[in-house]
Amino acid sequence: MGKEIINGAEALMRALQCEGVKTIFGYPGGAIMPVFDALYHYTRNTNKVFNHVLVRHEQAAAHAAEGYARVSGEVGVALVTSGPGATNTLTGVADAMIDSTPIVVIAGQVSTAALGTDAFQEIDLVGMAQPISKWSYQIRRPEDVAWAVSRAFYIARSGRPGPVVLDFPRNAQTGTCEWKPVNVSHVRSYIAYPKLQDDAVRAAAEIINNAKRPLALVGQGVELGNAHDELVAFLERADIPAGRTMLGLSALSSRHPLNVGMLGMHGNYAPNMMTQQCDVLIAIGMRFSDRVTGLISTYAKQAKIIQLDIDPSEIDKNVKTTLSVVADCKESLPAITALLKEQKHSEWREAFKPYMEQEMEKVINPAIHPTDGPLLMGEVVNAVAELTKGDAVLANDVGLNQMFSCRYFHYNNKRSLVSSGGLGTMGYGLPASIGATFGTDRMVCLFTGDGGFQMSIQELGTIMEQQAPVKIILLNNSYLGNVRQWQDLYYERRRSFTPMLNPQYEDIAKGYGINYDIVIDRADLHQKVEKMLSTDGPYLLECAVRKEENVLPMIIPGRSVDEMSLELDI
């Protein structure tokens with residue numbers, strides 16, 4: 001059988017096919033044109049291998065790839081051109097890095113002969129991407145394409161997942177090579193899955209068996225490791241209440257009796273207060289973000305701290321541990337569970353209830369069941385949550401919309417949250433929700449504020465073209481609400497450039513052919529949410545919410561987690 005000679009662009013298509021890629025989010029340009037020409041033949045109905053989604057901005061390609069990866073558990077793929085096309089993706093790359101989201105960004109580049117000449121749309125993408133990616137690499141020869149792509153996907157999806165950037169010069173796209181598929185399953189010096197240490201497992205089990213007041217902190221690592229069942233078995237065996245980080249919210253069902261709420265600055269009162277009363281704190285796939293710990297010098301000083309994480313660099317990075325178990329939690333959790341005594345911590349679990357009741361009375365009930373005044377964000381989120389019965393995917397942007405939706409949405413299923421955690425990227429929500437619709441058959445509900453929505457509003461064009469069935473709930477308060485809340489707290493209510501003059505969203509929706517409605521009166525809320533949810537295809541539901549609403553509770557920066565405030569004096 002003779003050799004099959006193909007060009008580098010065709011090799012890329014075949015390599016992506018070998019990795020099981022089905023959907024690509026991209027935007028063409030001069031330096032990536034040979035690849036898009038090859039892609040043309042892979043997207044025709046007669047030989048359709050890939051579904052290419054044309055975004056309206058390259059940053060949206062990276063965020064859409066993130067949304068796809070979050071809900072599907074697969075690697076998201078973005079395909080863009082060189083120069084500004086590539087640099088526009090870097091916010092998404094940084095976002096994916098800090099939130100451990102597996103994506104591969106493939107960018108065109110000028111020919112290798114022109115590198116260093118300041119050629120049109122030349123940029124040192126590898127150098128720029130290195131600090132914010134797991135791996136960045138320039139494919140200089142067509143014969144390296146298969147190896148580079150396989151290595152990229154292996155690195156992106158293995159261990160602690162993250163983004164990989166491939167820089168693809170034009171001559172490597174057009175040059176020819178013999179096609180030979182490559183399967184990379186090992187990279188020297190990269191230990192994706194640390195070996196589980198039996199002595200650490202035994203020591204962890206002993207500490208937990210002797211605990212009187214254990215508390216688990218559940219992070220996104222459980223989602224990334226597909227360890228949902230293992231987590232439940234662990235918690236139920238030892239009767240351990242569990243708080244969840246924001247990105248770990250759907251790692252444990254909202255309905256599970258051991259779930260005690262969300263941790264962190266705007267999380268629930270009980271798990272934050274009880275962090276300072278537990279005797280053993282078990283952190284599972286979470287990184288002790290400053291938003292979770294509050295004043296770190298006072299954080300859980302009374303407790304023995306056990307940290308389970310696949311990434312050894314996270315151990316003792318922020319919080320000093322008593323014991324660490326460095327391994328995939330899908331392996332470490334059942335190993336520890338096998339050594340646990342069956343326990344009942346009834347008295348300890350009862351101690352959470354007074355804090356839950358206080359929060360319910362002072363914060364939750366007024367937020368979701370108001371009796372008068374303007375519409376509130378919490379009641380809008382609650383209405384959508386009740387009508388979707390916890391089975392939808394929550395996507396959100398950044399700001400008050402993010403905090404309210406994370407707090408009051410319901411999560412029955414794993415991989416149900418698409419949110420920008422560590423980087424806090426405004427404009428993330430709309431493109432990420434589009435990507436999510438390609439990664440799941442479940443309904444995707446996007447909560448966004450008027451600020452973040454306008455940062456990527458051009459992606460309504462992507463929704464129009466793809467008929468991506470995103471249910472967009474626009475919480476319009478005519479403010480950059482989260483910044484306004486902080487200005488009121490710390491800057492004597494000097495609202496410097498946070499009021500927003502907004503467009504007529506109805507006209508914008510009409511221009512894109514997207515169904516639209518507006519809620520002003522709470523008497524119309526449930527009926528209009530029901531109509532949105534029952535209407536096929538995309539939908540924009542604008543909700544005119546209270547302009548000066550604050551999200552509570554709140555851990556004031558610089559204070560301990562048990563100094564959480566249920567009300568603000570502003």
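Helices (H or I, at least four residues) and strands (E, at least two) are DSSP runs, numbered from the N terminus. The structure is a predicted model, in which local features need pLDDT of at least 70 and side-chain atom pairs count only at pLDDT 80 or more, whereas totals for chains, interfaces and linings use all residues. Residues are numbered from 1 along each chain as its sequence is written, and side-chain values use heavy atoms, with hydrogens and water left out.

**View 1. The open sheet with strand order 3-2-4-5-7-6.** Six strands form this open sheet, with parallel pairing (two strands pair if DSSP finds at least two bridges between them). Strand 3 (51-54) and strand 6 stand at the edges with a single partner strand each, so one side of each has no neighbour in the sheet. From one strand to the next, the twist averages 20° (angles run from 0 to 180 degrees between N-to-C directions, and axes are lines fitted to C-alpha atoms, for helices over the stretch in contact). Strand 2 (residues 23-26) runs parallel to strand 3 and is joined to it by four bridges. Phe25 has Val53 of strand 3 as its bridge partner.

**View 2. Helices packed on the sheet of View 1.** Helix 2 (residues 33-42) lies across strand 2, strand 3, strand 4 (76-80) and strand 7, and runs at about 125° to strand 4. Helix 5 (residues 90-98) touches strand 5 (103-109) and strand 7, its direction making about 150° with that of strand 7. Contact here means heavy atoms within 4.5 Å.

View 3. Strand 6 (residues 135-138) pairs with strand 7 (residues 163-169) in the parallel sense over four bridges. Opposite Tyr137 stands Leu166 in strand 7.

**View 4. The open sheet with strand order 16-15-17-18-20-19.** This sheet has six strands and parallel pairing. Its edge strands, strand 16 (417-418) and strand 19 (515-519), each pair on one side only. Strand 15 (residues 393-396) and strand 17 (residues 444-449) run parallel and are joined by four bridges; Leu394 stands opposite Cys445 in strand 17. Helix 19 (residues 429-439) packs on the sheet and touches strand 15, strand 16, strand 17 and strand 18 (470-476), with its direction at about 175° to that of strand 17.

**View 5. The packing of helix 3 against helix 19.** Helix 3 (residues 58-72) packs against helix 19 at an angle of about 45°, with the axes 6 Å apart. Helix 3 is therefore oblique to helix 19 (angles under 35 degrees count as roughly parallel, over 145 as roughly antiparallel, 65 to 115 as roughly perpendicular and the rest as oblique). The contact includes Ala60, His63 and Tyr68 of helix 3 and Pro431, Ala432 and Phe438 of helix 19. Its residues divide into eight nonpolar, five polar and no charged (Ala, Val, Leu, Ile, Met, Phe, Trp, Tyr, Cys and Pro count as nonpolar, Asp, Glu, Lys and Arg as charged, and the others, Gly among them, as polar).

**View 6. The packing of helix 11 against helix 14.** The axes of helix 11 (residues 228-238) and helix 14 (residues 329-337) come within 9 Å and cross at roughly 25°. Helix 11 is therefore roughly parallel to helix 14. Among the residues in contact are Leu231 and Phe234 of helix 11 and Leu333 and Ile336 of helix 14.
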